[in-house]
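Subject: Structure for you to look at

Hi,

Here is the structure I promised to pass on. Please open it first, then read my notes below.

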Amino acid sequence: GQPLAPRRLSLRPVPALPDMEAFLREALVKLKQRARGCLAPELCFQAVRAAAERPFAEGVRRERELFRVLLSSGQARALQYAFFAERAVHRWATPAGASWSSAAPQPLRTAAVIGLGTMGRGIVTSLVKANIPVVALEQDLECLDKGRKAVMLLLQREAMKMEGGAQSLDFHNPARLQFTVDFDLLRDVDLVIEAVFENMALKKEIFHKLSKVCKPGALLCTNTSALNIDEIASATSRPQQVIGTHFFSPAHVMRLLEVIYGRHTSPSAIATAMQLAKALNKVGVVVGNCFGFVGNRMMFPYVQQAVFLLEEGSRPEAVDQVLEDFGFKIGPFRMSDLAGLDVGWRSRQEQGLTGPSLPAGTPARQRHGQRYSPVPDLLCEHGRLGQKSGSGWYRYERAGGRTATPDPWLHSFLAQYRDTHGIESRSIDPEEILERCLFSLINEGFAILAEGIASGPEHLD
């Protein structure tokens with residue numbers, strides 16, 4: 001029989017907390033670091049602030065105003081587009097007429113991963129988390145032991161994040177995860193993912209071996225980030241079963257999986273790779289075969305412009321700052337250090353752009369009539385490979401460290417480099433940095449679309 005009115009929470013005043021202002025200030029700083037460039041989290045914060053400082057009715061009014069701002073914003077439209085684009089890419093098609101609607105995937109009961117470097121470890125972890133039994137293979141016992149320890153550490157970390165902990169992953173069970181140096185154990189697996197480093201001769205040797213060992217229906221996948229799928233497939237007796245599955249680093253975290261079909265890849269192989277993406281809770285995107293495919297091909301000119309900006313007078317931390325403020329989670333130089341500078345270096349050596357196979361008398365800053373910067377190559381020659389070596393574009397507290405600090409050594413190295421090549425250093429404003437990096441990325445996307453490597457803009461985005 002009590003009247004309802006006094007019980008309504010909305011009618012009660014919000015208690016004034018003594019440290020409310022300091023608490024909100026600190027929360028805003030943290031939020032801005034985490035959600036750089038994003039409008040919605042900041043307006044959510046303002047709505048919470050209104051709830052703490054104003055009567056209920058006024059707070060609700062303020063929340064409605066903020067919501068209207070978001071509703072009509074460019075960011076809302078972009079997020080809606082991204083949401084639908086991510087779902088549209090499941091409906092894939094190739095110029096040869098194969099498509100998602102007619103191709104049936106092969107069953108996926110067991111998998112194998114070859115190579116337990118950074119990528120291989122992440123891929124093994126992803127498969128274990130998806131409940132797919134895995135055989136992990138390395139070339140010798142020393143590499144196997146090192147790889148096993150790293151994989152176990154990753155799986156332990158992942159298990160701690162999951163409800164039910166380590167029991168739910170059951171990764172100590174050899175029926176779920178087996179480490180070996182014996183190719184013969186790959187005889188019965190449904191799918192093999194090769195994740196050795198970017199060397200065409202090595203990959204062809206492995207695929208030649210796989211086509212002798214694996215059962216006829218097994219899908220042979222390569223985690224190459226740029227190399228020609230058709231050339232890799234030419235080393236096998238079953239090119240229709242060869243496909244590119246390009247994971248992004250770190251493979252157990254990043255949600256994108258590029259699925260690359262070659263000239264002979266069967267529709268069923270593409271459907272199976274897309275089924276794998278789904279099982280791993282990743283967004284699979286089917287693209288054609290060209291150097292760097294889509295992800296890395298668009299990344300090349302983007303990173304290249306960033307390096308050109310350093311040649312002309314900028315610094316890694318200035319370029320990263322501009323792109324991170326714009327909304328990128330990580331700038332090109334911090335990204336480079338994270339992935340390892342030696343990855344790109346090895347690829348450029350393979351292409352004959354640097355290293356021993358470069359013809360004598362090649363100009364330092366030109367390749368094939370195009371502008372080229374040798375700065376990343378020079379850093380690798382100095383042993384600066386990024387986080388793994390404790391220095392790259394930045395300095396780290398130790399080898400394998402995560403905290404990037406601007407490096408005076410690099411600043412004086414760049415100054416010396418400019419002197420050597422007669423480049424006059426100039427001050428470069430943020431607008432120029434953003435436009436040069438961003439537009440080179442976008443323009444490459446248009447070129448890929450024009451060549452039919454991707455079947456629609458959503459696939460690129």
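One term before we start: two strands pair if DSSP finds at least two bridges between them. Keep in mind that this is a predicted model.

**The strands**

Start at strand β5, residues 219–222. Which strands does β5 pair with? One partner is strand β4, residues 191–194. β4 and β5 run parallel and share four bridges. Look for E194, which stands opposite T222 of β5. The other pairing to find is with strand β6, residues 242–247. β5 and β6 are parallel too, with three bridges between them. Here C221 has I243 of β6 as its bridge partner.

Now trace the chain around β4 and β5. Together with helix α8 (residues 200–213), these two strands make a right-handed β-α-β unit.

Are the faces of β5 covered or open? Both are covered. In a regular strand, side chains alternate between the two faces of the sheet. On one side of β5 you will find L219 and C221, and on the other L220 and T222. All four are buried.

**The cysteines**

A disulfide is a covalent bond between the sulfur atoms of two cysteines. How many disulfides does the structure hold? Take C221 as a case. The closest cysteine sulfur to its own is in C214, 10 Å away, so the pair is too far apart for a bond. The cut-off is 2.5 Å. Both residues are buried: C214 has a relative accessible area of 5%, and C221 has 0%.

**The aromatic rings**

A pair of aromatic rings is described by the distance of the centres and the angle of the planes. The count here is six aromatic pairs. One of them is W409 with F413, a stacked pair. Their centres are 5.2 Å apart, with 10° between the planes. Both residues belong to helix α16, residues 408–421. They are four residues apart, about one turn of the helix. W409 is partly exposed, at 33% relative accessible area. F413 is buried, at 10%.

Also look at Y302, F326 and F328, which ring pairs link into a cluster.

**Charges over rings**

Where does R87 lie? It is over the face of F83, 3.6 Å from the ring centre. R367 has its charged end over the ring of Y372, 4.2 Å from the centre.

Best wishes

Technical notes:
Residues numbered from 1 in each chain as written. Predicted model: local features only at pLDDT ≥ 70, side-chain atom pairs only at ≥ 80, totals over all residues. Heavy atoms only, no water. Buried < 20%, exposed > 50% of the residue type's maximum accessible area, 1.4 Å probe, protein only. Right-handed = clockwise from strand over helix to strand, strands pointing away. Phe/Tyr/Trp six-rings, centres within 6.5 Å; stacked < 30°, edge-to-face > 60°. Lys NZ or Arg CZ within 6 Å of the ring centre and 35° of its normal.
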